[in-house]
Amino acid sequence: MARIETPKRIRGTQDIFGEEQRRFAHVVETFERVRKLYCFQRLEIPVFESTAVFARSLGETTDVVSKEMYTFEDRGGDSLTLRPEFTAGIARAYLTEGWQQYAPLKLATHGPVFRYERPQKGRFRQFHQIDAEVIGAAEPAADVELLVLADQLLHELGIAEGVTLQLNTLGDAATRDAWRAALVAHFEAHRGELSEDSLARLEKNPLRILDSKDPRDRPIADAAPGIDDYLTAEAGAFFESVTKGLDAAGVAWTRNGRLVRGLDYYRHTAFEFVTDRLGAQGTVLAGGRYDGLIESLGGPPTPGVGWAAGIERLAMLIEAPAVEALDVAVVVEQDEAYAAALALTAALRRAGHVTTLVASGSPRKRHDKALKLAPAEIVQLSIDAGATKANARVIDGGESKIADVLAAL
């Protein structure tokens, strides 16, 4: 008979288990706890959307849309895409589900996202993000709250040391238009020196040239005009309110005048929390204000600001969590006591004790097997000759914390 070949895990995906799973779970649990402190509501959205949701929101010319999205046609002939990020789907839901009546909304979610990228350390084709958004709040206070939330999350994960909040303003629409025109003029004057990618961006997305990693582009990008020369008074006041709010909340930040977002719907605040502990993939959390996004999806002008962070990257930075503690191991000394052991195990679990049942293998070796599990207490069950009821006694663990459960049985 021909040997059946086991299918392999798809490149760029993960099977998460053991210590990796404990790290992953710790990030999610910490995020859930902290977002509740800030009154962010949990939501769930579909894993796939109409392709138009992402093509419109991310821009037809971005690498995500043109190269990285998992897009397919379903049996009904509709073009669908696995979500490459959360914000566009949340914005779509805000419009189609009538959530405008609840604005301003503070929302949080987490789950898998999908991008066809070259897999490397901390980067996968199916990866996971935590995400926080404020929709319907135009005030700088919304930006501040999101940044303070992110800062507290990193502190509670124990990874804030060595992580720097880089902050910039993209200004309002008038600021952005004036700055964009100045950048185009600057880059046009150096067209012959730019990389091929930057030449393509010059036509469609010139701000992206500022964060090019190509060594041919760096001197030109570094010499480009800064946004501060084009800030309107209103845009300057907005950024000042954000920075003063962060100072008041005790959140350290540094200005990065070259931090940009290429799409036109981004406004005002742009930010990244960056570390040097992950090599080239140094951004652990990033976001910004996207006041034009919902309008690009057919809705009314609606302010919004949000951030996302890769769970895998955060998990790589945290200390390895301890293995879940075991309270009680119930050891069946004689097989005749198995039914009583089942009843005791169920009672202990209902009383909130983490319990495992050791009832397989040689009866003489079950106690040694239980010791290797390192429980706080070991309960041994046996039946004396002629008896009809099992005897349960704590044989390891000192003063028992489960005496009440034993007594009830």
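**Close-up 1. The largest nonpolar core of this predicted model.** The largest nonpolar core holds 45 residues, and those with the most contacts inside it are L246, F273, W307 and L314. Helix α5, which spans residues 140-156, supplies the largest share of this core, with nine residues. Apart from this core lies another one, of 40 residues, which includes I45, A224, Y290 and L293.

**Close-up 2. The surroundings of L314.** When its neighbours within four places in sequence are left aside, L314 is in contact with V27, I130, L154, L157, I159, V284 and A309. L314 is also one of the residues with the most contacts inside the largest nonpolar core.

**Close-up 3. Strand β7 and the strands paired with it.** Strand β7, made up of residues 163-169, is mostly covered, with six of its seven residues buried. Seven bridges join β7 to strand β9 (residues 267-275), and these two strands run antiparallel; within this pairing, T164 has V274 of β9 as its bridge partner. Strand β8 (residues 254-255) is joined to β7 by two bridges, and here the strands run parallel, with Q166 standing opposite T254 of β8.

**Close-up 4. The packing of helices α1 and α5.** Helix α1, which covers residues 18-37, packs with α5 at an angle of about 140°, and the axes of the two helices are 10 Å apart. Because angles count as roughly antiparallel when they are over 145 degrees, α1 and α5 are therefore oblique to each other. The crossing in which α1 passes α5 is right-handed. Where the helices meet, T30, F31, R33, V34, R35 and L37 of α1 are in contact with L149, Q152, L153 and E156 of α5.

Note on methods: Residues are numbered from 1 along each chain as its sequence is written. This is a predicted model: local features need pLDDT of at least 70, side-chain atom pairs count only at pLDDT 80 or more; totals for chains, interfaces and linings use all residues. Side-chain values use heavy atoms; hydrogens and water are left out. A nonpolar core is a set of buried Ala, Val, Leu, Ile, Met, Phe, Trp, Tyr and Cys residues joined through side-chain atoms within 4.5 Å. Buried means under 20% relative accessible area, exposed over 50%, partly exposed in between (1.4 Å probe, protein chains only). Helices (H or I, at least four residues) and strands (E, at least two) are DSSP runs, numbered from the N terminus. Contact means heavy atoms within 4.5 Å. Two strands pair if DSSP finds at least two bridges between them. Axes are lines fitted to C-alpha atoms, for helices over the stretch in contact, and angles run from 0 to 180 degrees between N-to-C directions. Angles under 35 degrees count as roughly parallel, over 145 as roughly antiparallel, 65 to 115 as roughly perpendicular and the rest as oblique. A crossing is left-handed if the near helix is turned anticlockwise from the far one by less than a right angle, and right-handed if clockwise.
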